[in-house]
Amino acid sequence: MIRRHLRLLTPLALLGLLVGLADLSHGSVGEDEDYYMQGLLIREQYNQVQVLEKQNSFIPDGEEDPKEHSAKKTAKAKSDSIKSPNKKAEKTKKTAVKNPNSVSEGEQQYNPIKKECPPIGLESLKIDDFQLHASSTKRYGLGAHRGRLNIQAGLYEDDLYDGAWCAGRDDTLQWFEVDARRLTKFTGVITQGRSSLWSSDWVTSYKVMFSNDSHTWITLNNGSEDLIFKGNREKEIPVRNIFPEPVVSRYIRINPRSWFTRGSICMRVEILGCPMPDPNNYYHRRNEVITTDDLDFRHHSYKEMRQLMKVVNEMCPNITRIYNIGKSQSGLKLYAIEISDNPGEHEVGEPEFRYTAGLHGNEVLGRELLLLLMQFMCLEYLSGNQRIRHLVEETRIHLLPSVNPDGYEKAFEVGSELIGWSLGRWSNDGIDIHHNFPDLNTILWAVEAKKWAPRKMFNHHIAIPDWYQSTNASVALETRALIAWMEKMPFVLGGNLQGGELVVTFPYDRTRSQGVVREQTSTPDDHIFRWLAFSYASTHRLMTDANRRVCHTQDFAKEDGTINGASWHTAAGSMNDFSYLHTNCFELSMYVGCDKFPHESDLPEEWENNRESLLVFMEQVHRGIKGVVKDHQGRGIANAIISVEGINHDIRTAADGDYWRLLNPGEYRVTARAEGYSLLSKKCEVGYEMGATRCDFTIGRTNMSRIKEIMEKFKKQPIKLPMRQLAAPGSRRRRLGT
């Protein structure tokens, strides 16, 4: 397994920490309460265990009015924003720095090795609401529990789910506090302003304070003056400040010193820190998630993604094939990997499944999950895992990890903590790929309103409008490549992995009533869609957990982690609706994590959260009925229509005459028909056990079709029979008449 373990302290520093902890006052504390008591140090001991590491220079605190924004001649704190890429820190010669708060002149100095610490988990929800506190709050919806990086607000003001922590008063006595519940080496802070359509609020500068008992606080300083860190200049772009030296403590506070003149004190925050080694910490043990899979847990650039796919192909050449479906706007190939026992071939009776990810380039977790999935399936197949072997041998699986590589490269360059909510979301030409498909819903509903279906238009395989296929249409190259791929492969089931929430959505994604933003809009296959969504959500570690925290504004756990897309928010031209109305494929969206671009250190846990769900959902492609439609000569009939009584949505057979119809358990009357053939109906029963029920059809030609075939064969000319055959009947009549 490739995992990056951080060395938090040098042996000398760790020894100092243990000495400090040895002098703690003892008391009987219950195991379920001991995390509140971890690391309670008096001020003198707190100073002795600080990790000293010189990195940057910061702004010393003067007696400046906090609202004053005139230029001052002060040293500036080094800060990273979205405009600068997230590069590794420059390797500089480290020098010992004396702790300005130390009470011992003879304290030994040392040169610690610089390590980058990940976010402690405000955005990813590892830090729960009870660990966040504030000096005051404007109202509940703007409480400390809402002060998380990238948290999104509701549509309206005064919402219970607003987009930041906002102080009840605008003065320099306000603070936002995080309780890490264990000793932590804090290395930096990332801040944003308030997420709001109507307000402009952000903090422009702040101090940072530390404590181990939440009573005695020490402000980070440069030896003579308190440090003032530069904050935000607008409300969405994250700004990161790295401390000149890491500080070990349990509590950290951010104390705003100035803010936008026409706004209020409002912040969204992430803290960078490494937890100190503490095997006795009950809270940590209780929440720790460990994976045993030996996979490449890191973020991959486009080049690294391509190389990883190549490595998987070389490890499992008999069951994998790499191909591309087209190119992005900047010319990057859209690579997919096929996993099957006969890669490159469609086997009659074997369903085809697809996972796509990265339609929004900044939603990175899905991309990495698919890269992990292909590694996992290859390794497990080689090790003889019967579940994986059965899946590979009975299914043709396609994984497309990066639909929007251009957007991803923008996000990857900046880094997981600094991309904000939308950088890299769109294609290079500014198009949201997931909602860039033709709106076939409106066409179908208009025909149904006039009662023309199915007489004048089918209820499935709806044609793409001519205007959409013109060169002047605002259609991304990536979208056109996806459509060609979807039309070429006889996909049965698909899932597109997205981020920023924990929920599975299913069609329709567009509301049927015009002008309505949210409205339940079900497909004729609503029951099977609900089951498919639930199969993923119920096997995810968090989606259906009633005790989990809401990502942003909606508690999807109450809906079993699933929701109809249109009842969440309407969107025309979604990939899900298009797939259902234009092809045989039932497509759903899996929002696999609250954090769109989690830190690399979170990938093992995210894999554990989603691994079983990814496998279970793939297995659902074998639910329902399947079969082959043939003529009396045993030839498969392509494009035959399969109808299920009571469900106003049909599917069609593939080129070899085989079909797959997703259905829940039950008894169904199924009809097969094709142009020029007589229709045939039969009862097909779907059981509860996994595996599609076989339901084949053999249909014959109609008399009319035979006549047409004969006429076309003779170019619609009268059939010329021999004179002897034409004269015989008349001669017989003459003989009978004599």
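Let's start with Asn 639, which at 44% relative accessibility counts as partly exposed. A word on that scale: buried means under 20% relative accessible area, exposed means over 50%, and partly exposed is in between, with a 1.4 Å probe and protein chains only. Asn 639 is found in the loop between strand S19 (625–630) and strand S20 (641–644). When I say helix or strand, I mean DSSP runs, numbered from the N terminus: H or I with at least four residues for helices, E with at least two for strands.

Before we go on, please keep in mind that this is a predicted model, where local features need pLDDT of at least 70 and side-chain atom pairs count only at pLDDT 80 or more, while totals for chains, interfaces and linings use all residues. Residues are numbered from 1 along each chain as its sequence is written, and side-chain values use heavy atoms, with hydrogens and water left out.

Back to Asn 639. What is its phi? About 65 degrees, a positive value, although Asn 639 is not a glycine. Most residues other than glycine have a negative phi, and most peptide bonds are trans. Arg 181 also goes on our list, with a positive phi near 65 degrees in a residue other than glycine. Arg 181 lies in strand S5 and is buried, with a relative accessible area of 4%.

While we are in strand S5 (residues 176–192), look for Thr 187, which is found there. Buried or exposed? Thr 187 counts as buried, because its relative accessibility is 7%. Which residues does Thr 187 touch? Not counting residues up to four places away in sequence, they are Cys 117, Asn 241, Ile 242, Phe 243, Pro 246, Leu 272 and Gly 273. By touching, or contact, I mean heavy atoms within 4.5 Å.

Now for the peptide bonds. The one from Pro 507 to Tyr 508 is cis, with omega near 0 degrees. Tyr 508 is found in the loop between strand S16 (501–506) and helix H10 (526–537). Thr 523 is found in the loop between S16 and H10 too. Thr 523 counts as buried, at 5% relative accessibility. Leaving aside neighbours within four places in sequence, Thr 523 is in contact with Pro 507, Tyr 508, Phe 529 and Tyr 580.

Let's turn to helices. Helix H4 (residues 302–315) has 14 residues and reaches 20 Å from its first C-alpha to its last, close to the 20 Å expected at 1.5 Å a residue. That expected span is 1.5 Å times one less than the number of residues. Which residues of H4 are buried? They are Tyr 302, Met 305, Leu 308, Met 309 and Val 312. The arc is that of the directions from the helix axis to the C-beta atoms. On the other side of H4, Lys 303 and Glu 314 are exposed. What covers the buried residues of H4? The cover includes strand S11 (320–327), strand S12 (333–339), helix H5 (365–383) and helix H7 (405–414).

Helix H6 (residues 386–394) has Ile 388, Leu 391 and Val 392 as its buried residues. Seen down the axis of H6, they fall within an arc of 95 degrees, so they line one face of the helix. They pack against S12, H5, strand S14 (396–400) and helix H13 (603–619).

Next, a loop residue. Asp 439 sits in the loop between H7 and helix H8 (440–449). Asp 439 and Pro 465 are 26 residues apart in sequence and 9.0 Å apart in space, C-alpha to C-alpha. Not counting residues up to four places away in sequence, Asp 439 touches Arg 510, Ala 572 and Gly 573.

And finally, the whole chain. How many helices and strands does the chain have? Its secondary structure comes to 15 helices and 26 strands. Of the 738 residues of the chain, 54% count as buried. Among contacts between residues at least 6 apart in sequence, 77% join residues at least 24 apart.
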